[in-house]
Amino acid sequence: MNPVVSLVAFLAVSLTTAVIGFYGLRISRTTGDFYVASRTVPPWWNASAIGGEYLSAASFLGVAGLILLSGTDALWFPVGYTAGYLMLLLFVAAPLRRSGAYTIPDFTQARLDSALVRRVTSLVVVAVGWLYIVPQLHGAALTIRITTGLPSWVGSTAVVVVVCLTVVAGGMRSITFVQAFQYWLKLTALAVPVVFVLLVLAGNGTAPQAPLTLNPTSQAPAGAYQHISLLVALLFGTLGLPHVLVRFYTNPDGQSARRTTLIVLGLLSVFYLFPTLSGALGRMFAPELAQSGQADALVLLLPGRLIGGTAGDVLSALVVAGAFAAFLSTTSGLVVSLSGVISQDVFGGSVRGFRLAAVLAAVVPLGFAFMTDTLALAGSVGLVFAFTASTICPVLLLGIWWRGLTDAGAIAGMLTGALLCGGAMVAGTLMGGGNAPAWLAQPAAWSVPAAFAVTVAVSIMTKGRVPSSVDRVMSRLHVPERPVATER
């Protein structure tokens with residue numbers, strides 16, 4: 001891999017992102033523009049932007065790496081990621097848009113009429129966001145080190161700088177354009193090299209180094225519990241991701257939110273074909289990457305190994321550009337969602353407060369990224385999904401669909417989920433990750449039901465605390481509004 005070509009690709013995608021972000025500044029004037037793009041983003045634009053921010057380092061690098069390591073066991077990740085959006089379509093998208101809230105804490109406060117619930121929700125949302133940003137920065141560090149030979153910190157720092165510039169410049173309005181562009185760049189960056197590699201291999205008649213059915217490591221196959229727990233984490237975790245949920249606030253109405261989700265399902269289904277094919281090609285033609293601890297770098301290294309020469313360098317550069325698009329778009333979405341929460345709760349909710357919050361939301365996880373290191377990108381993001389499924393998801397689902405939810409139940413459920421899932425994550429890390437028992441490594445199967453159960457039980461015991469506004473709020477969530485015309 002030519003480090004100069006890779007560096008040019010990295011600089012090109014960073015510069016393009018900044019230019020598109022500054023273009024958004026021209027039409028970002030109001031608080032609504034910065035928080036939710038004044039709720040005027042049409043379904044195709046919004047779906048592309050959601051695809052851009054949702055397809056993170058775990059999707060771009062981690063899925064192929066896990067397939068290289070674990071074979072068919074890893075297919076649960078793309079299945080779970082995509083199916084989670086079906087859950088969003090069925091249970092969350094339209095009601096959440098009709099709520100009229102800017103952020104998840106806005107929703108919980110309006111639904112439960114409690115400032116304390118808002119504060120607890122804000123803390124959980126910030127924790128989820130920071131936990132999710134750290135793997136993106138790890139992915140950037142890995143990519144810059146593997147492809148250019150520069151120190152790892154350069155990749156992480158570059159992502160934070162570019163994200164701060166684009167978010168501070170125009171908020172949600174800016175990153176809508178940025179993330180829509182980055183989805184199509186990511187899809188192209190994976191699809192073109194895979195198709196090219198397949199054509200070259202077919203033309204040369206190259207034989208694989210090892211059959212696809214062989215596991216290139218000594219890693220034991222995952223059991224039924226791990227599969228079930230992973231699916232619970234991915235299905236329910238998607239419902240609570242703050243950077244995804246805030247996107248539905250940008251739709252003009254609930255019907256547009258549903259259409260957006262349907263389009264996203266199609267975009268995700270197409271995208272995940274290519275990391276899956278990359279992982280399969282890696283198992284057949286580059287299994288040694290698993291033994292050398294470079295599984296997460298598979299999609300970066302595969303074109304150079306199987307094609308080589310100038311063509312291999314060009315394809316590798318395209319993959320590098322797509323990888324940084326993944327880190328930038330997901331981190332941008334997370335920073336915007338966190339900025340909205342931090343700004344309203346700490347800095348008064350102004351545009352200036354949003355910009356200050358954006359810098360804070362990006363710099364803090366950079367410090368954590370410098371202090372930690374992981375190459376299991378998909379696995380680490382899977383734990384973030386488990387934490388989200390155990391904290392935000394129960395309050396969100398029950399808040400939308402059950403009028404009996406109370407503020408005490410919501411707080412008890414979030415704290416229970418945070419303590420159980422967070423405790424399992426810490427214990428599993430202290431035990432060495434891969435050496436931890438399955439119930440600690442994949443806690444969602446028991447932490448999510450526990451959080452739901454505590455939320456319901458405490459709400460029933462405190463049914464006198466059901467807010468008097470519940471009927472009005474529930475009507476607003478579930479009665480379809482009249483579609484509003486949007487500018488073309």
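1. Among contacts in the chain between residues at least 6 apart in sequence, what percentage join residues at least 24 apart? The share is 86%, a contact being heavy atoms within 4.5 Å.

2. The model is predicted: local features need pLDDT of at least 70, side-chain atom pairs count only at pLDDT 80 or more, and totals for chains, interfaces and linings use all residues. Residues are numbered from 1 along each chain as its sequence is written, and side-chain values use heavy atoms, without hydrogens and water.

3. The chain holds 21 helices and 0 strands; these are DSSP runs numbered from the N terminus (helices H or I, at least four residues; strands E, at least two).

4. Of the 488 residues, 60% are buried, that is, under 20% relative accessible area with a 1.4 Å probe, protein chains only. The accessible surface of the chain is about 17,900 Å² (Shrake-Rupley method, 1.4 Å probe). Carbon and sulfur atoms account for 69% of that surface.

5. There are 3 cavities of 30 Å³ or more. A cavity is a set of points on a 1 Å grid over the protein atoms alone where a 1.4 Å probe fits but cannot get out. The largest cavity has about 70 Å³ of space, the volume being the space filled by probe spheres set on the points.

6. Lining residues have an atom within 4 Å of a point. The lining includes Pro193, Ser278 and Leu302.

7. By class, this lining has 10 nonpolar, 1 polar and no charged residues. Nonpolar covers Ala, Val, Leu, Ile, Met, Phe, Trp, Tyr, Cys and Pro; charged covers Asp, Glu, Lys and Arg; the others, Gly among them, are polar.

Key
On a 1 Å grid over the protein atoms alone, a cavity is a set of points where a 1.4 Å probe fits but cannot get out, and a pocket is an open set with protein on both sides within 12 Å along at least five of seven lines; lining residues have an atom within 4 Å of a point. Buried means under 20% relative accessible area, exposed over 50%, partly exposed in between (1.4 Å probe, protein chains only).
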